[in-house]
Amino acid sequence: MTRGDDHRFMRVALGLGRRGQGNTWPNPAVGCVIVRAGRIIGRGWTQPGGTPHAETQALAQAGTAARGATAYVTLEPCAHHGRTPPCSAALIAAGVARVVIASDDPDPRVSGRGLAMLREAGVQVTTGVMADDAARDLGGFLNRVQRGRPEVLLKLATSFDGRIATATGQSKWITGPGARRAVHAMRARYDAVMVGAGTVRADDPMLTVRGMGARQQPVRIAVSRRLTLPLMSRLAQTARDVPVWLIHGPEADSASIAAWTDLGARLIACPLRGEGLDMAAAMQALGAAGLTRVFCEGGGALAASLLKADVVDGLAGFTAGLALGADGRAGIGALTLDALEAAPRFALEDVRAMDGDVMHLWRRA
């Protein structure tokens, strides 16, 4: 295989891996293809809930033709017994001659052991093919393993002048149907959707994925320091149907905790930091619970608290061609910055027109 062939087939594996995003946590969303004589004979990606793994799926499709073939895998094959046997052992047993890997796995249960197992069995191993692309796709899993918290994407739908609502709170709809559909597509690729208490009270959102044929709904997270969320909200009334997790502070009323627990919600207590919740600690708690990718949809106070805690990894902006003025509600709350150098910086990743609006994606610089 040439370097160009390796990139071509790894690109297919990466595309397959993305199909699992939002469905595989706490496991990574991995893609795999088996190639023989320049032809793909097996495809696989991590299935909902994390099993079966991508390699197992691809090997099952390839069958006996996998002997002597090349496997392209977006993440180092596992080398430990979990809910499934090690994928490295499965590749060896299938007689695969070569394994091409995009990203090493920093999980201490794997971390080089998968590579060593393959090499000891005489399998040729190539690593680092399209590593940057894999790191972007697997960022949530890698972030959780290395930093203990999920990857956080902050989404804002604003007017040209950065407002998320009029002075009276009207916000439906600043952006058009194309942008809203794109947001649902993004939700489908994340483990969880998160909003603040103000958004729950003002909009009574469902926070579900609609119109995308989603196989699994994201966890719905609301952040409320005192747990003063309406018990007749749509989140409360559907908590047994689609998971609801609530992040609250130490002063939350015990009666509210009991009521939400009875409704089926999961309660996550979080310490205070200054006048608000310690969102860095909250993100660590979400990571410990297994989440790898969180899609935050505001509002302004929550957006500011996440930025101040330095836990935002990316921004997704949808900007409409209208102005709401200084009396409109700001997209991000006060950050109390004294110097421009202290402002969190992000690098532009993508920008495109979308049915009259503009979508722009940014990543941590």
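In which strand is the place of Leu315? Leu315 lies in strand 15. Helices (H or I, at least four residues) and strands (E, at least two) are DSSP runs, numbered from the N terminus. The model is predicted: local features need pLDDT of at least 70, side-chain atom pairs count only at pLDDT 80 or more, and totals for chains, interfaces and linings use all residues. Residues are numbered from 1 along each chain as its sequence is written, and side-chain values use heavy atoms, with hydrogens and water left out.

The protein contains 12 helices and 18 strands. Its C-alpha trace spans about 65 × 45 × 40 Å along the principal axes. Of the 365 residues, 50% are buried. Buried means under 20% relative accessible area, exposed means over 50%, and partly exposed lies in between (1.4 Å probe, protein chains only).

Contact means heavy atoms within 4.5 Å. Among contacts between residues at least 6 apart in sequence, 73% join residues at least 24 apart. The accessible surface comes to about 16300 Å², and 52% of that belongs to carbon and sulfur atoms. Areas come from the Shrake-Rupley method with a 1.4 Å probe; for residues, only the protein chains shown count as cover. There are 42 positive and 32 negative side chains. The centres of the two sets lie 6 Å apart. Lys and Arg count as positive and Asp and Glu as negative, while His and the chain ends are not counted. Each charge is placed at NZ of Lys, CZ of Arg, CG of Asp or CD of Glu.

Strand 18 (residues 357-364) pairs with strand 17 (residues 346-354) in the antiparallel sense, over eight bridges. Two strands pair if DSSP finds at least two bridges between them. Phe346 has Arg364 of strand 18 as its bridge partner. Asp350 stands opposite Leu361, also in strand 18. Two residues lie between the strands of this hairpin, where Asp355 takes a positive phi near 50°.

Strand 18 also pairs with strand 15, again in the antiparallel sense, over six bridges. Here Leu315 has Trp362 as its bridge partner. Leu315 is partly exposed, with a relative accessible area of 22%. Its C-alpha lies 6.4 Å from that of Arg363, 48 residues away in sequence. Beyond neighbours within four places in sequence, Leu315 contacts Leu153, Leu154, Phe346, His360, Leu361 and Trp362.

Helix 7 (residues 177-187) has buried residues at Gly178, Ala179, Ala182, Val183, His184, Met186 and Arg187. These pack against several strands, including strand 6, strand 15 (314-319), strand 17 and strand 18. Strand 8 (192-196) and strand 14 (293-296) are also among them.

Two loop residues were examined. Ser159 sits between strand 6 (151-158) and strand 7 (163-165). Ser159 counts as buried because its relative accessibility is 1%. Residues up to four places away in sequence aside, Ser159 touches Ile174, Thr319, Ala320, Leu322, Ala323 and Leu324. Gly49 occupies the loop between strand 2 (39-45) and helix 2 (54-62). At 27% relative accessibility, Gly49 counts as partly exposed. Gly49 and Gly22 are 27 residues apart in sequence, with their C-alpha atoms 9.6 Å apart in space.
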